Amino acid sequence: MAQYDFKKITVVPTGNDLIDIVLSRTQRQTPTVIHKGNAISRVRQFYMRKVKFTETNFTDKLSKTIEDFPRVEDIHPFYGDLLHVLYNKDHYKLALGQLNTARNLIKRIREDYVKLLKYGDSLYRCKSLKRAALGRMCTVTKRIGPSLAYLEHVRQHMARLPSINTGAPTILICGCPNVGKSSFLNKITRADVEVQPYAFTTKSLFVGHTDYKYLRYQVIDTPGLLDRPLEDRNIIEMCSVTALVNLHAAILFFLDLSGSCGYSISQQAALFHSIKMMFRNNPVLIVCNKTDLQTLEGLSGEDLKLVMEMKSAALKTIPVSTITDEGVMAVKNAACQRLLDQRSERKMKSKKMPTVLNRFHVAMPKPRDQKERPVCIPQAVLEARAEEAAHEERKTEKDIENENGGAGVYSASLRKHYILADDDWKLDILPEFLDGHNVYDFIDPDILQRVEELEREESAVEEDGGDFEIEDEDFTAEAEKDLQEIRKRKKLLIQKHRIKKSTAESRPTVPRKFDKDRKFTTERMGRQLSSLGIDPSRAIERARSRSVSRKKLRLRSRSMSRSRSVLSQRPLGEVVPGEGFKDSAQKMKAVTMARNATKKRNKDARRGEADRVIPTLRPKHLFSGKRSIGKTDRR
Amino acid sequence: MRLEFCWFCSSKIYPGHGIQFVRNDAKIFRFCRSKCHKNFKMKRNPRKVKWTKAYRRLHGKDMTKDSTFELERKRNRPERYDRNVMENTLKAIKKIDKIRHDRAADHIAQRWKPKAAKERREARKELEQSISLIKAPLAIQSQEPAITVPKIKVKAPKQQTVEDQLMEE
C-alpha cells in the first residue's frame, strides 16, 4: 500500500509559457544560419529539423504532464474520491484528455508539414512552410491554455494534501463541529492544528502520528459533519465523508455532553445514526468529550437514553476531557488495541498463517519427579549485595555539588584527597613565580644546604679581596687640570679647522700677511705667549721692529736715490713705461673697463674672472613646479 | 603556569604575553614580543644579533658558567608537596638570585677593567706629548728643570727681502 507522493508532479506551464519555452528552445538548440545559395537539400533539411524539433518538445512536455498526473481509477479509492470531491473527476479527466488531443494534433501537424517540406523548391517556400507549421502548433497550444491553468491549480493543491498512508493502522476522528476533535488530535500527536471556538475551524483533513506498542498509528482529524443528506453536503464535509467511507480505521465518534458546541445531544445522536451506514466493519468508539463541563452521570434521562442507544451500536463509550487530559490515553489505548487485535485476527485467518505456525513448536519439558528445585544463590553474593545496599547511603560529590548551588556555582575541591605528610598543608597556597623565577625549578629537599655552600664560596672570594691589580698612580690634581686644558684646546682646534674647511670654497683665501680682520696684532701674540707661560715683551719688541712700516721708514732713510719702492703711491692715470699704454687717456679707459668688469663680478659674488663656481647646480625653484598659466616645456 | 624564555632574545615570557609557534616537527618556539617573532620569521640567527642574550653569552659579554645556574633546573617529575621544603625554597631563591646578580655584575666589571688601565696610559701619554699646547717648553723648563721637553724643530719660511721682491720684477 504505497504512500502517494503528489509533490513530484512537474510544474505545468501556462499556454503562453509553454509556447515561449518550446520556441526559444528551438531557436537556441537548432542551427540558425542558412542562405539561399545553399543546396536545396540542405535548406530542406534545415527547416525540417526545426519542425521536428519543435514537435518533439511539445509532445515531450505534454506527455510528461499527462503521465505525472494520477489516474483517478488507478489509485486507491480514498484518493480517487478525494480528488473527485476536491477537483471534480470529470473536469480533471477532461483537462487531461484535452492535453492528449493536443499532443496528437501536434504530431499530425508535424507529419503533414514534413511531407510538404520534402518537396519545397526554394528557401522562401521552405521557410514559409516551417512558419506555418510552428504557427499551427502554437495555436493548438494556445487553445489548451485554460486546461493547463486548471491542471496547474490542481497540482498545487494536490501537493498540499496530507500524506495519508492507506495501509497503515488509522484512527479517524469525526463528529459535529466544535466538539473537540482537533484538540484531541493535538493531545495525542505532535500535530498543531488550529483550535478555535467557531465552527468549521478545521476545513480539511489533518494527519498526526502516534505510537502504541511499538507500532505507528495515523490519526486523521476531519472537519465537522452536519446532519444533512449526502447531496446537500459541501466540499469540506465531503472530505470527511470520503475519509469515513474509504479508509479502514478505528472511528472515534466525538460526543459533546455539555452541548457547548451548539448542537444538543439529540442532534448529535441523529447525526450518529445517519452516519452509521458508513462505519461498516470498522471498530467504533464513542468518545464523550467535555466531561469537565458535564459528566455522563449528570445527564438528563432523555439524553442518557440516547447515549445508551448509541452505545449499543458501538464498541465502547469512554468519557474524556481534552482540557484536563482525563481519559485521553484510555481512548487512544482502546482504539489502538482494537486495531491491533483486528490486525492479528486477520493475520491469523490468512492463508499464510499455518505455514508460519508449522515452523515453530514450543517445547515444555515434562517434570521428572516431584522434587522442588528453587533458585540457588551463593552466600558470598548475598552478603555482598547486602553490603552494597548499606553503602548506598554515603554522600557523593554530586550531592555536595547540588547542595552548594549546582554545577555552575560550586566547583569541587580536588585538594581534599591529597596524600600529604601533614594534613594541614592541604589548603596551602602554592606560589608559582617568585621574582621572575619558576618556583618549581628550585624545589630540592637539601636546597638550603647548597645555598649555604654558595654563600661560603662568596664570602671566601670576597676575603681574597678580588683581583689584585697593579694600580697606576692616579694623576695629581694639577695634571688632571692640564689634561683637561689640553683636551679643550684640541677640541677648539678641531672645531676651527672644521669651520674653515666647510667654508673654504665660499671664502676667499686671503694670505695671512694682508690680515683682513686685523687679527694678527702684537697684543694678541702677547696674550697667547703669556698664557703659554712665557714673558712676551721681548717678542713684541722684535715684532714691532721688523714690521713693514718700520722697514719702509728705514729703507727710505737709507737711500732715496735707489729705485722707487713698488709700494709707493702713484697717481692713477699716470703712464708707466713698462705697462704698454700709449697715453693717459688709454690707461684711464683701461682702468675704467677693469673696474666695470669687476663691478659685475663683485655683484655676482665671484672672486675673479676664473671663478665659475655654481653653488647649487639645479636649484629646485627653477627646475620644478607648475605654472599657473602657460606651458613648462622650457625652463 | 610557567615562565618560559623567549627563543630569540632569551627574555622571560610572562603569562599572557607573546606568541608560541609550533613547527611541523613539533618543536615549539616561544617569542616574548613581535620584534623577536618577526626576526625569527626573517630567519635571523640570534647568535648574530647583538642585543640578544644568545649573542652576549656566546661572545663572553655575560656570565655563562656558574654554580648558581645548576640550582635552577627544569624538573619533569613532580615532587610531593612539603611545606618546609617550600619555605626553604622560597628563602633560597632570594639568596641565590642575589648571589647570581652580584656575580654577573662582577663579570661585567672584570670586562671593563683593562679599559681603565688603558685609558690611564693613554692619558699619560697625551699629557706628555701635547703639553706644548698649553705650556711653552721654555716655561716648563724654567719651572721644572728636571723635565726635558723634546725640542720640536719647526722650519721657518724664508723672509722675502725687498731686494728679492725687486729682483722678481
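Modeller: Start with two residues that face each other: B:Gln20 is placed opposite B:Arg30 in strand S4 of chain B. This is a predicted model: local features need pLDDT of at least 70, side-chain atom pairs count only at pLDDT 80 or more, and totals for chains, interfaces and linings use all residues. Residues are numbered from 1 along each chain as its sequence is written, chains are lettered from A and ligands numbered from 1 in the order in which they are written, and side-chain values use heavy atoms, with hydrogens and water left out.

Back to the strands. S3(B) covers residues 19-22 and S4(B) covers residues 28-31; they run antiparallel and are joined by 4 bridges. Strands pair if DSSP finds at least two bridges between them. The two strands form a hairpin, with 5 residues between them. In that turn, B:Ala26 has a positive phi of about 70 degrees.

Now step back to the whole chain. Chain B has 6 helices and 4 strands. Both kinds are DSSP runs, numbered from the N terminus: helices are H or I with at least four residues, strands are E with at least two. Along the sequence the pattern reads β-β-β-β-α-α-α-α-α-α. Of the 169 residues in chain B, 26% are buried. Buried means under 20% relative accessible area, exposed means over 50%, and partly exposed lies in between, using a 1.4 Å probe and protein chains only. Contacts are heavy atoms within 4.5 Å. Among the contacts in chain B with a separation of 6 or more, 40% link residues 24 or more positions apart.

Next, the cysteines. How far is the sulfur of B:Cys32 from the closest cysteine sulfur? The distance is 3.4 Å, to B:Cys9, which is too far for a bond. A disulfide is a pair of cysteine sulfur atoms within 2.5 Å. It is a covalent bond between the sulfur atoms of two cysteines. The whole structure has 0 disulfides over all chains. B:Cys32 counts as buried because its relative accessible area is 12%. Over in chain A, A:Cys126 is buried because its relative accessibility is 0%.

Then comes the interface. In chain B, 54 residues are in contact with 53 residues of chain A. The two chains bury about 5500 Å² between them, and carbon and sulfur atoms give 61% of that area. Buried area is the accessible area (1.4 Å probe) that two parts lose on being put together, summed over both. B:Tyr81, B:Leu133 and B:Ile134 supply 12% of the area that chain B buries against chain A, more than any other three residues.

Across the interface, 20 residue pairs are in polar contact, both residues at pLDDT 80 or more. Which elements of chain B give two or more residues to the side that touches chain A? They are helices H3 (67-70), H4 (83-130), H5 (137-143) and H6 (162-168). H4(B) gives the most, with 25 residues.

Finish with a look inside chain A. S1(A) runs parallel to S3(A) (residues 215-221), with 4 bridges. There, A:Leu172 faces A:Ile220. S1(A) also runs parallel to S4(A) (residues 250-256), with 5 bridges. There, A:Ile171 faces A:Ala250.

Last, one lysine. A:Lys290 sits in the loop between strand S5 (284-289) and helix H10 (301-313) of chain A. A:Lys290 counts as buried because its relative accessibility is 16%. Its side chain reaches the backbone oxygen of A:Asn178 at 2.9 Å. A polar contact of 3.1 Å joins it to the side chain of A:Asp256.

Technical notes:
A polar contact is a pair of N or O atoms within 3.5 Å; within protein, one must be able to donate a hydrogen and the other to accept it, and residues adjacent in sequence count only if both atoms are side-chain atoms.
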